[in-house]
Each structure stands twice: as C-alpha cells, then as structure tokens.
Amino acid sequence: MEPILVLLHTTDEGALPKAALETLAVAQTLGTYHLAVLGANAAAAAQSVSAGALSVRAIEGDAVAVSRYATDAVAAQALATASGATVILAPCTLRFQRALPGVAARLNGACDTHVVAVDPDLSIHRWYYRQRMEATQSRTARPWFVLIEPGAADPCAAQPGAAAEVLPCAVETRTEVIGYQSPNADQQTIRPDAQLLFVAGAGWTKKQKDGQTHTDEAGSLILNFVQHNKTSLGSSKSLVDLSGEGQAVLPFLTHLHQVGQTGSTPRHRKGLSTCCHGEEPHVVGWRFINERRAINLDAACGWARGKADVLYVADAFEVMRELAKLL
Ligand SMILES: Cc1cc2nc3c(=O)[nH]c(=O)nc-3n(C[C@H](O)[C@H](O)[C@H](O)COP(=O)(O)OP(=O)(O)OC[C@H]3O[C@@H](n4cnc5c(N)ncnc54)[C@H](O)[C@@H]3O)c2cc1C
C-alpha cells in the first residue's frame, strides 16, 4: 500500500469541520495513514483525531490562522513533504480547493477535486457533466492530492491519540486577510442543505386571469415562503433569462438559481415546482429530488406526465397566498 496522508484544516474557530471527519472516514477504509492538520489550534485538533495514525503533524500560528492561498500552500507543502506520502487525501472545502491544486503543481504532482469515493486499489470516483456521468479513474502522477467531496461519506467518530509534532512555517505574504463579506442570511436563497427545493417558473411573470402581470406580488409570495421555511430557491431557465430580455422579472433570481440541463442538479429531499411547465431540459435537474410536487394551471403540463408525484392543478398565486396564511 502506498503511504497515505490525511491532510486537514481547522476552521477559524480552531475546530475540525465535519468534512475533515468524513475524509478521515474514507482514509480508514484504505488502511494505515499519516495525519497532518493546519490552521488555528491545529495541534490540539490533530490530537483529537489521531488514534491509529502512523505520524501526526501540525502547523499552527498566525500565518495559517485564516484561509489564504500563499500561507496555506506553503504549510500544506511542508506537511505533505514531511509525511513522505505519495497520496494525500484532503476535504474538498473552499480553503483546500484554493490551495492544494497549486501545491500539487509545485510538487510536480496531480490533484483531483470533488472525489466521492476511493477504492482500496486507489481508484477514485467522481461525477462529470453536471452529475450525469460517474467516472472511475486512477493516476500515476505522484504526489496525488485527492479532495473528498463534503457529504460523500459518513463522518467517523473522533478518537484522540498521540500528540502532534508541530512544524514551523515561516512565509512572507503580501496578502492581508481583513474579514469576510457574505450576503445576509435573508438574502441567501440557495441553500444546499435545505430539505425542500422551491422552484419558480416563468408563469409567475405571465399575464394572469385578470389580464395583468403581478410580478411584485409574485416576488413577495416566493421570498416570503422561501425565507420563512428556509427552503432553497431554484428557477426555470425561462424565468432567469427574462431579465436579459428586459422584461419585468424577480430581481432576486440569478442564473445561479437555474435548475436543469444547463443549470444545476441540486440534492434535496423534496421539491415543489410552481408556475413551471416541467419540460425535460428543466426536469433533468431534478434527478436527485426524491419527492416531487408541482402547481400548474395546466393539467397537461410536463409534470403531469410522470415527472411529479403530485400535481396540483391550481393557480399558484392562490395556493401560495393560502400557504402564507397557514404558515
Ligand atoms: C438545450 C436546452 C437546454 C435547456 N436547459 C434548461 C435548464 O437548464 N433549465 C430550465 O429550466 N430550462 C431549460 N431549457 C428550457 C426548457 O426547455 C423550457 O423552455 C423552460 O424550462 C420553460 O420554463 P418555464 O416552465 O418556467 O416557462 P413556461 O414554459 O413559459 O411555462 C410557464 C408555466 O407556468 C404556468 N402558469 C402560469 N401562470 C400560472 C399560475 N398562476 N399558477 C400556476 N401555473 C401557472 C403555465 O401553465 C406554464 O405551464 C433548455 C432548453 C434547451 C433547448
């Protein structure tokens, strides 16, 4: 068996993220491994999961206390080299997605991201073409950085063990991290962890039975439902494309919300489609949604043709108004 390193990082608060324990769980199915952690409080974090590791190393201190390419790359390279490992398993977090491909290049190795499984013969599994094709592949280039997709494995239980050897990390950087900028929780409408996906279709912006459009009301009904229930918001292509054509649209929707063949393929337990016809290029984006319901005025829409478990033939404005009262 090739020497394997499990390379983890801590959060800014000095804890190991769930994705770290998932990567460790994948390594435990492969045999023995070395362990290394970088980031705030890395030595203590490493010891908290080091049972069974062949060696335990850490790099901590101000330089790696926050995510920054220049410092993370130097620290990761030092830890990978010190372990002597040829295969490095690491969580596919934003922090490592940014830093580790560069480390692989510096070491003349290779890096694969979004890996969902690793076989005992070190073949990796990953999806391509928006999760429509799963490939099994291996590489001869070494060192090989394999970044495990969060959620692809169950996390292992943390088992403390030997203390970590703390390596020094001196690195000059011109980049100063001054903080994070993220949208308010209320502005965030794409929620990959939500139980329910709420999809808005172009019908919300079409003339209704009074011959008028009601885009403002549509916007508040949708946002109210999504924010109140903390569901994730998706859209059909037609609806997000309307903004490009200068029509009245729902201002909080972007192409990032688009679900379907040329959009995303989100994973949620349930989905509710509203004012969306349910055409095939849209519905292929629902392949990982288990329970599907749709509201459409048209009893012969695409959802009625075996694409939804339940189709409510109804006016989505009326249904959502009633729902808003009930919730
Ligand atoms: C190569 C290719 C790739 C594509 N990729 C995608 C993709 O990734 N994602 C995607 O979504 N589409 C994609 N499309 C487009 C797709 O085929 C459809 O054109 C699109 O999904 C239609 O969007 P829609 O159902 O929201 O709008 P429409 O077809 O306009 O349907 C609106 C629906 O709203 C209903 N409605 C109107 N008012 C109400 C009301 N008050 N209550 C209830 N229902 C109401 C109507 O009955 C109608 O069914 C792609 C097309 C092609 C050719």
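User: Which residue stands opposite H34 in strand 2?
Analyst: That is L5. Bear in mind that this is a predicted model.

User: In what sense do strand 1 and strand 2 pair, and over how many bridges?
Analyst: They run parallel, over 5 bridges.

User: And the sheet, what order do the strands come in?
Analyst: The order is 7-6-5-8-4-1-2-3-9. That makes 9 strands in an open sheet, with mixed pairing.

User: Which strands stand at the edges?
Analyst: Strand 7 (133-137) and strand 9 (165-166) do. Each has a single partner strand, so one side of each has no neighbour in the sheet.

User: Switching to helix 3. Which of its residues are buried?
Analyst: T71, D72, A73, V74, A75, A76, A78, L79, A80 and S83.

User: What covers them?
Analyst: The cover includes strand 1 (4-9), strand 2 (34-38), strand 3 (56-59) and strand 4 (87-91). Helix 4 (94-106) is also part of it.

User: What span should helix 3 have, and how far apart are its ends?
Analyst: Helix 3 has 15 residues, 69-83. At 1.5 Å a residue it should span 21 Å. The end C-alpha atoms are 21 Å apart, so the two agree.

User: What follows helix 3?
Analyst: G84, with a positive phi near 75°.

User: How many residues are in the largest nonpolar core?
Analyst: It has 57. I88 and V146 have the most contacts inside it. Helix 3 gives the most to this core, with 7 residues.

User: What is I88 in contact with, leaving aside neighbours within four places in sequence?
Analyst: L5, L7, A80, P143, W144, F145 and V146. L5 is the residue that stands opposite H34, and A80 is one of the buried residues of helix 3.

User: What about a second core? Which residues does it include?
Analyst: It is separate and has 32 residues, among them L197, V259, L311 and M320.

User: On to the ligand. How many residues surround it, and which are closest?
Analyst: There are 30. The closest are G201, G203, S236, K237 and G260.

User: Which elements give two or more residues to that shell?
Analyst: Helix 6 (237-242), helix 7 (280-283), strand 13 (291-296) and helix 8 (316-326). Helix 6 gives the most, with 3 residues.

User: How does the shell divide into nonpolar, polar and charged?
Analyst: It has 11 nonpolar, 14 polar and 5 charged residues.

Key
Residues are numbered from 1 along each chain as its sequence is written. This is a predicted model: local features need pLDDT of at least 70, side-chain atom pairs count only at pLDDT 80 or more; totals for chains, interfaces and linings use all residues. A residue is near a molecule or strand if its C-beta atom, placed from the backbone, lies within 6 Å of it. Helices (H or I, at least four residues) and strands (E, at least two) are DSSP runs, numbered from the N terminus. Ala, Val, Leu, Ile, Met, Phe, Trp, Tyr, Cys and Pro count as nonpolar, Asp, Glu, Lys and Arg as charged, and the others, Gly among them, as polar. The expected span of a helix is 1.5 Å times one less than its number of residues. A residue is buried if 20 or more other C-beta atoms lie within 10 Å of its own, exposed if 12 or fewer, and partly exposed in between; C-beta atoms are placed from the backbone. Two residues are in contact if their C-beta atoms, placed from the backbone, lie within 7 Å. A nonpolar core is a set of buried Ala, Val, Leu, Ile, Met, Phe, Trp, Tyr and Cys residues joined through C-beta atoms within 7 Å. Two strands pair if DSSP finds at least two bridges between them.
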